[in-house]
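Biologist: I'd like to learn how to read a protein model. Could we start with the core?

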Amino acid sequence: FRVLAPGGRFGVSDMVRTRPLTAAEARDAELWAGCVAGALPAAEFAQLLTAAGFTDVSLDYEDNERGVASAYIAARRPA
């Protein structure tokens, strides 16, 4: 946030979770290596950006049965 000029835009592609993990999934090393177990829940990702001061926060992803999705996350630093 602090390195963006006022009005600057933030954009990143990252994995987001769309459902809670089971206890077994949270301990699975392969899921951690595959960026599944360590992915933030989509709503939490948005909340963290808002808490940092960003506005116009959006997450664009398609939900699926796996419970994890590739998302494009965008936000703006207020002018």
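Modeller: A nonpolar core is a set of buried Ala, Val, Leu, Ile, Met, Phe, Trp, Tyr and Cys residues joined through side-chain atoms within 4.5 Å. Buried means under 20% relative accessible area, with a 1.4 Å probe and protein chains only. This is a predicted model, where local features need pLDDT of at least 70 and side-chain atom pairs count only at pLDDT 80 or more, while totals for chains, interfaces and linings use all residues. Residues are numbered from 1 along each chain as its sequence is written, and side-chain values use heavy atoms, leaving out hydrogens and water.

Biologist: Which residues make up the largest nonpolar core?

Modeller: There are 8: Val16, Ala42, Phe45, Leu49, Phe54, Ala71, Ile73 and Ala75. Two or more residues each come from α3 (42-51) and β4 (68-76).

Biologist: And how do I read those element names?

Modeller: Helices (H or I, at least four residues) and strands (E, at least two) are DSSP runs, numbered from the N terminus. Here you get 3 helices and 4 strands, in the order β-α-α-β-α-β-β.

Biologist: What does Ala71 touch, leaving aside residues up to four places away in sequence?

Modeller: A contact means heavy atoms within 4.5 Å. By that rule, Ala71 meets Val12, Ser13, Asp14, Val16, Asp60 and Tyr61.

Biologist: How much of the protein chain counts as buried?

Modeller: Of its 79 residues, 23% do. As for extent, the C-alpha trace spans about 45 × 20 × 15 Å along its principal axes.

Key. Buried < 20%, exposed > 50% of the residue type's maximum accessible area, 1.4 Å probe, protein only.
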